[in-house]
Amino acid sequence: PRSMIALITTTPSHDTTELKKFVTHVREAIEDLEVPGDEFVGFLGSQTILVDSVEESSTTVTKIDLIVLPLALCVLMYVVQSWRMVIIPIINVATCLLSSFAMMYGITMFTVKAPSFVPSVMEAMVIALSIDYSLFLLTRYRFEVLTNNRRGSYAVREAVYHAGEVVF
């Protein structure tokens with residue numbers, strides 16, 4: 001059996017867009033080769049793993065956005081039984097996403113560039129925490145209104161007092 005190894009070295013870089021172009025080009029070139037059935041030509045290494053992991057994390061976050069967020073909002077609406085209260089977590093998610101991405105942009109302008117998977121992780125964390133904490137606070141608020149007959153700011157104060165320890 002014949003064997004051959006070719007070594008391609010690249011300099012580590014956080015710019016995954018250029019690296020992705022390179023990895024895609026090499027993979028396409030490998031596919032264009034006419035390789036006999038008993039031989040294998042592959043491309044692997046830490047740089048290819050980085051490109052694949054970034055691509056997979058982006059795909060996963062897209063699935064989260066399309067499936068998990070609507071499902072979580074439906075569960076939240078079922079639990080609190082008010083579409084008006086579900087508007088609060090939506091505004092919360094939008095505000096948190098906007099402010100966290102603005103802060104990250106400011107930080108990366110003056111320091112090192114963040115890896116490309118960071119926005120995906122930030123988005124998933126903001127959505128998860130916003131929905132989770134909204135569920136705690138809004139269910140406690142609903143409990144105060146329905147069970148203890150408290151209204152307005154008194155019900156909000158009691159909800160924050162009892163459920164706020166978990167959130168804050």
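Visitor: Let's start with Asn 149: at 60% relative accessibility, which does Asn 149 count as, buried or exposed?

Guide: A friendly word first: this is a predicted model. A residue counts as exposed when its relative accessible area is over 50%. Asn 149 has 60%, so Asn 149 counts as exposed.

Visitor: Where is Asn 149 found?

Guide: Asn 149 has a positive phi of about 50°, although Asn 149 is not a glycine. As for its place, Asn 149 is found in the loop between H4 and H5.

Visitor: H2 and H3 pack at an angle of about 140°; what does that make them to each other?

Guide: The axes of H2 and H3 are 9 Å apart where these helices pack. On the H2 side the contact is made by Leu 73, Leu 76, Met 77 and Val 80, and on the H3 side by Trp 83, Met 85, Val 86, Pro 89 and Ile 90. Their angle is about 140°, while roughly antiparallel would need an angle over 145 degrees. H2 and H3 are therefore oblique.

Visitor: How is H4 placed against H5, and is the crossing left-handed or right-handed?

Guide: Helix H4 (residues 118-146) and helix H5 (residues 152-167) pack at about 140°, with axes 8 Å apart. That makes H4 oblique to H5. Their contact includes Tyr 133, Phe 136 and Leu 137 of H4, together with Ala 155, Val 156 and Ala 159 of H5. As H4 passes H5, the crossing is right-handed.

Visitor: Within what arc do the buried residues of H1 fall, seen down its axis?

Guide: Helix H1 (residues 16-32) has 17 residues and reaches 24 Å from its first C-alpha to its last. Its buried residues are Thr 16, Leu 19, Val 23, Val 26 and Ile 30. An α-helix has 3.6 residues a turn, so residues three or four places apart point the same way. The buried residues of H1 line one face of the helix, because they fall within an arc of 90°.

Visitor: Which helix is included in what covers those buried residues of H1?

Guide: The face of H1 turned away from its buried side carries the exposed residues Lys 21, His 25, Glu 31 and Asp 32. What covers the buried residues of H1 includes helix H2.

Visitor: How far apart are the C-alpha atoms of Met 104 and Val 51?

Guide: Met 104 is in helix H3 (residues 83-110), and at 23% relative accessibility Met 104 counts as partly exposed. Leaving aside neighbours within four places in sequence, Met 104 is in contact with Ala 114, Val 118 and Met 122. Val 51 and Met 104 are 53 residues apart along the chain, and their C-alpha atoms are separated by 22 Å.

Technical notes: Residues numbered from 1 in each chain as written. Predicted model: local features only at pLDDT ≥ 70, side-chain atom pairs only at ≥ 80, totals over all residues. Heavy atoms only, no water. Helix = DSSP H or I, 4+ residues; strand = E, 2+ residues; numbered from the N terminus. Buried < 20%, exposed > 50% of the residue type's maximum accessible area, 1.4 Å probe, protein only. Contact = heavy atoms within 4.5 Å. Expected span 1.5 Å × (residues − 1). Arc of directions from axis to C-beta. Axes fitted to C-alpha atoms, helices over the stretch in contact; angles between N-to-C directions. Parallel < 35°, antiparallel > 145°, perpendicular 65-115°, else oblique. Left-handed = near helix turned anticlockwise from the far one by under 90°.
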